Structures are given as C-alpha cells and as structure tokens.
Amino acid sequence: MSTTQIFYIIGAFVISFIFTFAATPLVRRLAFKIGAIDVPKDKRRVHKKPTPRIGGIAMVFGFAVATLCFSEPSRQLLGTMCGLAVIFVMGIIDDCKELGAKLKFVVQIIAALIVIYVGDIKIDIFTNPNIFNPTSPYLILPEWISVTVTVLWIVFITNAVNFIDGLDGLAAGVSAIMSVSLVFIAVRVGEYQIAVMGIALMGSCFGFLPFNFNPAKIFMGDTGSTFLGFMLATLSIQGVFKSYAVISFAVPLLILGLPLFDASFAMIRRILSGKSPMVADRGHLHHRLIDMGFSQKQTVFILYAISGVLGISAVLLAESGVLRALLLLICVLVLLLIGSFLGTNSYVHHHVKKNEENEDTDTNDINSK
C-alpha cells in the first residue's frame, strides 16, 4: 500500500467523521423546526420521549463529502452516488411524511436499477450448484436473472438494516462493524476505491454515534438506515466482493449476516402469521433480547459482538496462516463470552421472575386468609 493510498483512506475516515459530527447538532435543530419527530405511540418503540429523527442527513453529508474528496471518478462511483441520491430523498420525505411501504419499495427498486445500469454493478457470475461438474465451476447468469438477483439483494439489504434500527446506537454501530470487515478485506486485496467508500461509511457512523447512543439525542430515521443498507448492499457486490460472490457468496453473507438473519426471520414470521412481511412488529432480535431482561445497552453490545464475530468469520475466508488461526481463536472466545453472558442473564432473569411470582402468590394467600 502506497503512502498516498494510506493518506486517502485515513483522510476519508477523518473527513466523514468530522463533517457528520459537526452537522448532527444542526440537523437536530432542523428536525424540531420542521416537525420530524419520532413520538413513542406504540409498544414497538422502546424510547419514552419524542426524539428528532432525520439524523441520517448528517450521515449522508459526511459520507458524501469524504467520498467525493478521496474517491477516483468512475462509472461505479457515479452509479452508486446517483442511486444513493434517490434513497436519500425518499428517506427525508418518509421521515417527515411517513410514506407507504409499497411506494418505498418501488423507489428502492428504481435506485437499484440506477446502480445496475448507470454504475454497471451487478451480480452476473455465481457458483455452479452442481459440485460434480468441476470443469464448469461457475455459472454466467443471463442478463434478466442477473438484474433480478441484484435488485433483490440491494432492496433486501436496504430494508434489513432498516429493520434493525430499533434501539439507540444499534444500526449505526452494527453498520460500522460491517464496514470494518469490508474495508479490511478490500485493503488486503488492493481494492482501494471500495476501501475509501467503506471507511467513509464507517466514519459517518462513528460521527453520528455520540448523539445516537443510549439515551439518544437524535435518531437516524429512514434517511440514515436506508442509506446504510443501500451502501452496504452496493459495496458488497463490487470489485473483490464480486469475486468472492463467485466462490461461495459467503463473504458478503457473513458480513451482513445479522441484518440478513433478522429481516429473513421477521418476514417468515409475519407471512406464517398471515400478515404482510413489511408490517412492523415487536418480534425483532433486539426486542426479544430486551424481553429476556437485558437493558438497551446490554442488547446493543450483544448484537455488536455477534456482528463482530460474523465479520471476523468473513475475513477468515480471505486470510490464511497465522492470522487465520488468530482470528478463529478470537471468534471462539467472543462466542463463548456471548453464550455465557446470555445464559447467566437468562438464568438470573428467570429466577427473579419466579421469585416475584412466588411472592405474589404468598401475598394473595395471606390476603385470602
């Protein structure tokens, strides 16, 4: 890696962080003026007081400034930024007016098509599922299948990150962790354009987190969550990640594993219960952890750890030798820590609840006597 490339990568993070951090208080004031406030009106919302929700404007601003300053002009960059502009406008309108799910879905498809046709970014090669045909290990997808698969990937990941944006600091922190994995692999194989955009994305997350961590002063809203999902989806099928998709598609699946699992589980659960897969509910992974007795901060850190383990596992597929063994050891240790923490807290919560029930029973018995 050259000195210039190191400077660009570091510069992209610093600029993105500074501009996002500086812009967030201004966006917070704007939210109060235009009435972009999230009011806790149902049980699905965890926060207790009205909170401004267009913080994603600051994130997109910081990311865009850093990307335009340190990225080299290319067709891929043009397509990505044009698609992002569509997602950004939709997010602002949705945070202020609350658009319908079908309309947002259509807009997201349009943004994905812009990425495909303007940026020439798509999944067009896939692993041959027939493992008994080693002479042809890859499948060249027809144009219509390639476009369909790419649209589904971008739209699904965009909404998946939106789904996990239910606790203070969760979506920003998890997205930052996923960005770290993308940047690490991109740097290792010389994909510096992806590394610059990935680290600019990470910088915008870190610049926003001080205002978004519990108790949050501002939410990123759909402006921020769809921005993060769209960028992660788009970056994960460019350059080296496209080649990894050829091998097994495991690297992007692992990096984006947490939102993918949560969104998939949510949609299956809603369909089986006879509901629309896009109707919000209180059954996401973070809701379940809170219902187990974890606090907001504990839940967020648990999901950070899970996302970190998945990211490290993705890096394992791109590394070898001593580093792979070291990373594997870290994964095992983190998994053991998470497992023991979950088990201990669940046990304590269960027994506390049981004791409270016993006390209520004893009190009722005494009163009846």
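User: What percentage of the 369 residues in the protein is buried?

Analyst: Happy to start there, with the reminder that this is a predicted model. A residue counts as buried when its relative accessible area is under 20%. Across the 369 residues of the protein, the buried share is 48%.

User: How many helices and how many strands does the protein have?

Analyst: Let's take the contacts along with the elements. Of the contacts between residues at least 6 apart in sequence, 74% link residues at least 24 apart. As for the elements themselves, the protein has 4 strands and 14 helices.

User: Which helix gives the largest share of the nonpolar patch?

Analyst: Good one to trace on the model. The patch covers about 490 Å² and is built from Ile6, Ile10, Val14, Ile18, Phe19 and Phe61. Of these, Ile18 sits in helix 1. The largest share, 5 residues, comes from residues 3-34, that is, helix 1.

User: Is Ile18 buried, partly exposed or exposed?

Analyst: The relative accessible area of Ile18 is 44%. Buried would need a value under 20% and exposed one over 50%, with partly exposed in between. Ile18 therefore counts as partly exposed.

User: How many disulfides does a search of the whole structure find?

Analyst: A disulfide is a covalent bond between the sulfur atoms of two cysteines. For the whole structure, the number of disulfides found is 0.

User: What share of the accessible surface belongs to carbon and sulfur atoms?

Analyst: The accessible surface of the protein amounts to about 17600 Å². Carbon and sulfur atoms hold a share of 68%.

Methods. Residues are numbered from 1 along each chain as its sequence is written. This is a predicted model: local features need pLDDT of at least 70, side-chain atom pairs count only at pLDDT 80 or more; totals for chains, interfaces and linings use all residues. Side-chain values use heavy atoms; hydrogens and water are left out. Helices (H or I, at least four residues) and strands (E, at least two) are DSSP runs, numbered from the N terminus. Buried means under 20% relative accessible area, exposed over 50%, partly exposed in between (1.4 Å probe, protein chains only). Contact means heavy atoms within 4.5 Å. Accessible areas come from the Shrake-Rupley method with a 1.4 Å probe; for residues, only the protein chains shown count as cover. Patches are made of residues with over 30% relative accessible area and no salt bridge: like charges are joined within 9 Å, nonpolar side chains (Val, Leu, Ile, Met, Phe, Trp, Tyr) within 5 Å. A salt bridge is a side-chain nitrogen of Lys or Arg within 4 Å of a carboxyl oxygen of Asp or Glu. A disulfide is a pair of cysteine sulfur atoms within 2.5 Å.
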